[in-house]
Number of protein chains: 2
Amino acid sequence: MHNLQARSATTLFSGTSSNFTVIKSPNENVWGGLTDVETASVVQWLLQQPELNLTAADDAGEWDNTIFLVELMRPNKSDVLQYLDHDHPPPTRYAHVVLAVRATLDPCYAEIPVGPLPITDKSTTTWVPLEYPYTRKTQGRIRNLDADHDTIYSEWLYKISASIVDITLDLFNGTALGLDNDTIRISGINPLILPLGLFFKSDVTGRDPSKWKLEGWFYNNIFYETTNAFRKAYYSPGFVKLPSITEGDWARTDQQGPILPEDQKQPPVMVAPSGARHSLDTDQKYVTWMGFSFYIGFSRDTGVSIFDIRYKGQRILYELGLQEALSHYAGNDPVQSSTACLDSYYGFGPYTFELVKGYDCPIYATYLNTSFYDSESTHTHVDSLCLFEYDAEYPIQRHTTPSYVSSTKNIYLTLRSVSTIGNYDYTISYTFHLDGTIGIEVRASGYIQAAHSAHNTNYGYQIHSALSGSMHDHILNFKADFDILGTANSIELTSLVPITTTYQWSNPNQPRNTMHLSRRILSSETESRLNFPQSATTTMLSIINQDARNEYSESRGYRILPSSPLSSGYLTIINSSTLIHAAHWSEHDIQITKQHDHEPRSAHPYNNQDVYNPVINFDEYFDGEDLNQTDLVVWINLAMHHVPTTGDLPNTVMTTAVAGVRFVPVNYFTGDQSRGTVNMVRVGFGDGEGKGIGEVETFGQAGERVEVVVRPVEEVLWG
Amino acid sequence: MHNLQARSATTLFSGTSSNFTVIKSPNENVWGGLTDVETASVVQWLLQQPELNLTAADDAGEWDNTIFLVELMRPNKSDVLQYLDHDHPPPTRYAHVVLAVRATLDPCYAEIPVGPLPITDKSTTTWVPLEYPYTRKTQGRIRNLDADHDTIYSEWLYKISASIVDITLDLFNGTALGLDNDTIRISGINPLILPLGLFFKSDVTGRDPSKWKLEGWFYNNIFYETTNAFRKAYYSPGFVKLPSITEGDWARTDQQGPILPEDQKQPPVMVAPSGARHSLDTDQKYVTWMGFSFYIGFSRDTGVSIFDIRYKGQRILYELGLQEALSHYAGNDPVQSSTACLDSYYGFGPYTFELVKGYDCPIYATYLNTSFYDSESTHTHVDSLCLFEYDAEYPIQRHTTPSYVSSTKNIYLTLRSVSTIGNYDYTISYTFHLDGTIGIEVRASGYIQAAHSAHNTNYGYQIHSALSGSMHDHILNFKADFDILGTANSIELTSLVPITTTYQWSNPNQPRNTMHLSRRILSSETESRLNFPQSATTTMLSIINQDARNEYSESRGYRILPSSPLSSGYLTIINSSTLIHAAHWSEHDIQITKQHDHEPRSAHPYNNQDVYNPVINFDEYFDGEDLNQTDLVVWINLAMHHVPTTGDLPNTVMTTAVAGVRFVPVNYFTGDQSRGTVNMVRVGFGDGEGKGIGEVETFGQAGERVEVVVRPVEEVLWG
């Protein structure tokens, strides 16, 4: 039986545009999220469980337990496939709950599934520690390093800052005392583009501020073990005071400089004369377009994921979505050197803000809402996803023959969201193309995290007075759970390899330098952590089904084609002293594992709370399992190796801060699927009729075509 | 004195659109081509020189000398800079003439400059052998392997084919006899997608057909030394006849298959409500747009090049243009194994055909004509260049702060042409971006050259019945002559390098694993042939001027950022037995030389006529010259390593057949230049006013922004 209650579980998403064709999804979107009613009922139930000792968020202090998160617990793939492919009922729904346990000397986050949903009979509702999807087996609990965030500022940081107020006034003409009129701030990360270059180190272990220890000061590459030592040096002759940065228009994003006359004219703009050509079930977040179909899921940690992606009825991917985003800095100062943000800690969901229509996406796009949990209720970011077709400014196919020219419009569909995690805005787009290709593209903008420029020319360019563009790597990990004509898939590496050989027709005494194709099936997880390219060969990786061959005996599959400016998708730093075991997923370009319900994600938002023993240690997924004709998950890193320049001021430009990957059919169909579109043209020369493709070779007689005018067949609607 | 006569020398190009702003170029386009009058006068003068013994093309046979080409002889950079930068008159104009010398037992091509132009006093007009720009010093003469093209077919190939007509009828139900009703053809290259798998080898050395020799037959991986041996085997029991390909809809580009209902609606389309925002001197082919300016040149061998590319008044590049396109195949049969097309032999200019409006470029684009020389006169391809702005479907900048969101439209300018060299259509685009970036993008479509499928699974996938997609590399070489604030430039390699180190503030007994920046200036041509990436480091290459530093002491420059899906830009084959010395430019990703007037190009169209001793041997450009603060030329390879799949039938799709590079400002300005555009928006939340960028860190309070609706400030003109 289908769970009809759950079928209306998705009012959190609703389209604000209505020009698309309304359809009914063939299945329930089991990844779509909880309803407001479900969330409220789970919160209510949790607050009634005495053993959890929970306090409502509004009443809670740093020593109370609170409900940090209530969202859908994503069902196991094995259960969902029974539903989608074998007529079973949809999987039982559970809520994924995270508690902030702080009424203790050892604060932690505790993860518990609660259900089954809906909560109809409270006596059958249970919670259990969540452990099976994690490599760390500690009852779903991990320490919370941030439990005393407010106390740290009020009882510790501002007191330290106050102890040197004479120096901050002298150096920066500013104070950081926790007052409304503070002009400088104390920050562990994100000094952004106004860093001042004064650092102190403290040990805040435990929850008792009286036991916290100040361990030293750092300025101008000199370390002082105590405040007294720093003060003494500061007032000694010869103490070098460094210049500091001054805020100004250089740091602002508004229009600056002379305006070019032509720029006052409206630039070109994409319009959709016939409205949307995609179809949508807004209730189920189910999209169809030109043979593609997929369901949209959304979560706190990683924002948008898409599920059950099919083309012409056949599933290509079970799941496609972001897992984690790392930005790892380096520098001679302790903040830059120690910064390695794992952004799912903050969560992409709550920071997926409303899109700017006509800028982030075309005005005619279909805009959808997203929602997130905060303080016992669900909040909505309206118009924070967009779905639109676009005309790439080049055709997908074109060819001039002696008798005609043919060309085909390259229209594609994009599903986009933008998540602003502090300083950086990640624009993440999933694209769908007429040849059956599926793409991911990530672009970054926003403010860089920069460094005070002192002794760090080996860590970045100086980009403003007293400012160094701090070098860093962005690595974004995506999960692509391929199901090519079933779940039994294999990995084929196809390499162009230089060779020296002779042939039946060639001189046996004169071997020829040429190349051939090397095809190899990867056997197991012992060899499935890959970097491209390897040595002098050019290697292509495809996910194929060796049991699903086409009529020419080639395995049908999809190729994974990176499309980033810099080929390397992995972290530059080897064995990062900051990350330790928290992000082993970042160490190779593409990594492939056997699918398991207990290995659903490459990372966990609280991996940064205990880097030596993270909740998910990706290394442990690689235990040598066989990868030949089994269910495969491809973990793909998209990277930007960023050495900021003056051109990153005020914001990084998205034209160059980009990384992407495409999944391209390889012998999957018998021909190019873009031949199906009617948005193509064939224009004849002379008699207007082609003589057949066999004539293409006779291109020598170019003179025949001189001054024949090609007339576009398209009439533009608006004249 | 400016040469006013030459100033009107450019009627061969003329815009057919008129919605752009008409401007006057500040200088004469000295690369713009000859006038019709100049060409005609040179032809007339040449035909009058008895020592050349020339015959008019219409009257000429294979034993006559003819004028193969008359076009502008591009002036030396050293002379042009005197004109552009030092108020000298424009360089004296010469015609670049190629003669097909065939009234001899040793036919050759002879290159001669003729001038000065215009020819006013014939007694002062001279011709000389052209030798100084070539590494091969043979008086500008190189043998012509194709002098007897017609005779080879009539007196040799068709006779051989006739000798086995019984076999071709039996195997293919076809004959190749040189008749109008031939159903098969004999071809040395380009069997395209209907190859039959029967080969013969002949020695056609010399011009006397009676001395030509048939040297064997090849079928089903068996070599037969004589026709008799082949025939005997053919009629012996057990001879294996292979299946052969059948033409059909699978090989045709027109619409096929069921039409999706939504596809009948018009898809989105870019429009330009205010018309063109670029300005143009059509006479001088001089373009300006948003601070950029450049001149368009055009030649037989390589089509479009652009010159004197400036941004905000400063020259960035003296010259940017295609040099050569190589497509190198491999296979077990002699045709695939020996095919290495060097396309400038055919020439990109004559095959730069009229563009399909609304498909190859937007309807609103400005279309320009190109012209080429053929048989003593100039021919025009109308509307074969296009120039248009486009709105990338993502902003160039965007950032959400707690109090506002800002986003900037990403409008760019494209100059595009499409050259169809036989089977392949190369779409070449030069792009200009609001941040000062300049890009090159090449996309390929058209018919693949495929192989008959027999014993060649190691050379490609089988993609149709009896058809193998023949593996090949496309390598396109571009010249980028950078002039960053003058001609004295240097090459900086900036690498992100993993390191282990300690800091003043860190525990000396616990070295940290981190990374730093390695900056290196390349010293000379001994180390300037580069591949990316190198080992574990991620390396960026910039052309900088160490004598032009910004106020923070960083050298101003432009970074060279590849943007191709596969990082390798060089030929897979090592020391190709087909190319020998004809294309050493193809062996690395990026190669940099000191600029010399005598090294203007990396390749020559007749390099394929004598691969052991080509006209230009690129290796010889690397003679150890110092590259520190000197005039640099960067030779960049854009590559597609192509293993065709069923998705290449009928045509290769341009979504994945792409390679590109971008030149991005590095510390060239003090900030991002896209801040100059007015096509940006800032939308405030709450009180509508930003509190300043210093507040960006306070992103924790996301709840504040819940359900605040961002209203787009742009009104779309058409409602």
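This is a predicted model: local features need pLDDT of at least 70, side-chain atom pairs count only at pLDDT 80 or more; totals for chains, interfaces and linings use all residues.
Guide: Residues are numbered from 1 along each chain as its sequence is written, chains are lettered from A and ligands numbered from 1 in the order in which they are written, and side-chain values use heavy atoms, with hydrogens and water left out.

Visitor: Why is helix 5 of chain B called oblique to helix 6 of chain B?

Guide: Helix 5 (residues 165-172) and helix 6 (residues 227-234) of chain B pack at an angle of about 40°, and their axes are 11 Å apart. That angle makes helix 5 of chain B oblique to helix 6 of chain B. Angles under 35 degrees count as roughly parallel, over 145 as roughly antiparallel, 65 to 115 as roughly perpendicular and the rest as oblique. The axes are lines fitted to C-alpha atoms, for helices over the stretch in contact, and angles run from 0 to 180 degrees between N-to-C directions. Helices are DSSP runs of H or I with at least four residues, strands are runs of E with at least two, and both are numbered from the N terminus.

Visitor: Which residues make the contact between these two helices of chain B?

Guide: Helix 5 of chain B contributes B:Asp166, B:Ile167, B:Asp170 and B:Leu171, and helix 6 of chain B contributes B:Phe230, B:Arg231 and B:Tyr234. Contact means heavy atoms within 4.5 Å.

Visitor: What makes the relation between chain A and chain B a two-fold rotation axis?

Guide: A rotation of 180° with 0.0 Å of shift along its axis superposes chain A on chain B, with an RMSD of 0.0 Å. The two copies are therefore related as by a two-fold rotation axis. The superposition is by least squares on the C-alpha atoms of residues with pLDDT of at least 70 in both copies. In chain A, A:Met270 comes closest to the rotation axis, at 2.1 Å (C-alpha).

Visitor: How do you know that the copies meet through the same surface?

Guide: 100% of the interface residues of chain A are also interface residues in chain B, so the copies meet through the same surface.

Visitor: What is the omega of the peptide bond joining A:Gly115 and A:Pro116?

Guide: Omega is about 0° for this cis bond, and A:Pro116 lies in strand 4 (residues 108-117) of chain A.
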